[in-house]
Amino acid sequence: DFESMTEKLDTATPHGRAMIGILAAFAQLEREMIKERMSMGRDARIKEGKWKGGAHAPFGYDYEPALEKLVINEYEAMIIKNLFEDFTKGKAIHAIAQDMHNKGQTLNNGKVDTRNLQYFLRNKTYCGYLRIRNEWTKGLHDPIVSEETFNAAQVILDENQRKFQDHWNRKVWL
């Protein structure tokens with residue numbers, strides 16, 4: 001049974017059960033409308049180049065609420081710059097991760113692994129953009145790496161991925 005403190009609803013009757021269903025439907029509608037308005041507000045902020053806010057700024061940046069944008073965290077940005085520089089000069093991600101570990105450098109989660117480094121190398125935020133779903137728009141924040149460096153890293157990552165897939169396909173068919 002359900003007892004309301006403010007309304008007289010009797011779930012023992014068909015009318016009472018129907019009223020509970022109607023109230024539940026309106027509560028769900030309100031929840032979905034709030035979610036939609038929040039999403040539209042977040043998208044509008046990003047289209048203006050402002051950081052969406054929320055839990056954490058991307059590694060390499062801090063969020064400055066007064067400016068409503070990301071500001072460069074010098075120490076973390078140095079790690080990101082070195083990552084892009086080493087990678088575009090031909091150093092393997094595994095070797096970069098090992099070097100970072102040996103230097104005692106850590107990421108947000110306290111560890112360094114190749115998956116995180118690949119994510120950073122694919123993250124267009126580092127060359128001045130913000131993401132709205134599957135679309136990128138220019139942000140107000142300063143880039144950590146140039147678009148040329150970012151694009152060079154993408155070419156290498158795409159080539160490595162193609163080589164890996166070719167290798168995997170040959171192994172499967174042999």
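Analyst: Start with exposure: a residue is buried under 20% relative accessible area, exposed over 50%, and partly exposed in between, using a 1.4 Å probe and protein chains only. The model is predicted, so local features need pLDDT of at least 70 and side-chain atom pairs pLDDT 80 or more, while totals for chains, interfaces and linings use all residues. Residues are numbered from 1 along each chain as its sequence is written, and side-chain values use heavy atoms, with hydrogens and water left out.

Now the rings. Two rings of Phe, Tyr or Trp (its six-membered ring) pair when their centres lie within 6.5 Å; planes under 30 degrees apart are stacked, over 60 edge-to-face, the rest tilted. The count is 6 aromatic pairs. One of them joins F59 and F120: the ring centres are 5.4 Å apart and the planes meet at 15°, so this pair is stacked. F59 sits in the loop between α1 and β1, and F120 in helix α4 (residues 114–122), so the contact ties together parts 61 residues apart in sequence. Helices (H or I, at least four residues) and strands (E, at least two) are DSSP runs, numbered from the N terminus. Both F59 and F120 are buried.

Y61 and Y126 make another pair. Their centres are 6.2 Å apart and their planes are at 10°, so they too are stacked. Y61 lies in strand β1, whereas Y126 lies in the loop between α4 and β3 (129–132), so parts 65 residues apart in sequence are tied together. Y61 is buried because its relative accessible area is 2%. Y126 is buried as well, at 0%.

Strand β1 has a partner. Strands pair if DSSP finds at least two bridges between them. Here β1 (residues 61–64) and β2 (residues 69–72) pair in the antiparallel sense over 4 bridges. Within this pairing, Y63 stands opposite L70 in β2. The hairpin has 4 residues between the strands, and E68 takes a positive phi near 55° there.

Y129 brings charge to a ring. A charge sits over a ring if NZ of Lys or CZ of Arg is within 6 Å of the ring centre and within 35 degrees of the ring normal. K124 lies over the face of Y129, at 4.6 Å from the ring centre. K138 also lies over the face of Y129, at 4.8 Å from the ring centre.

Last, the salt bridges, in which a side-chain nitrogen of Lys or Arg is within 4 Å of a carboxyl oxygen of Asp or Glu. There are 7 of them. R122 bridges to D158, with the closest N and O atoms 2.8 Å apart. This pair links distant parts of the chain: R122 is in helix α4 and D158 in helix α5 (residues 147–173), 36 residues apart. R122 is partly exposed at 33%, and D158 is partly exposed at 41%.

D99 meets K91 at 2.1 Å, N to O. D99 has 26% relative accessibility, so D99 counts as partly exposed. K91 is partly exposed too, at 31%.

R37 pairs with E30, their closest N and O atoms being 3.7 Å apart. R37 is partly exposed at 45%, and E30 at 40%.
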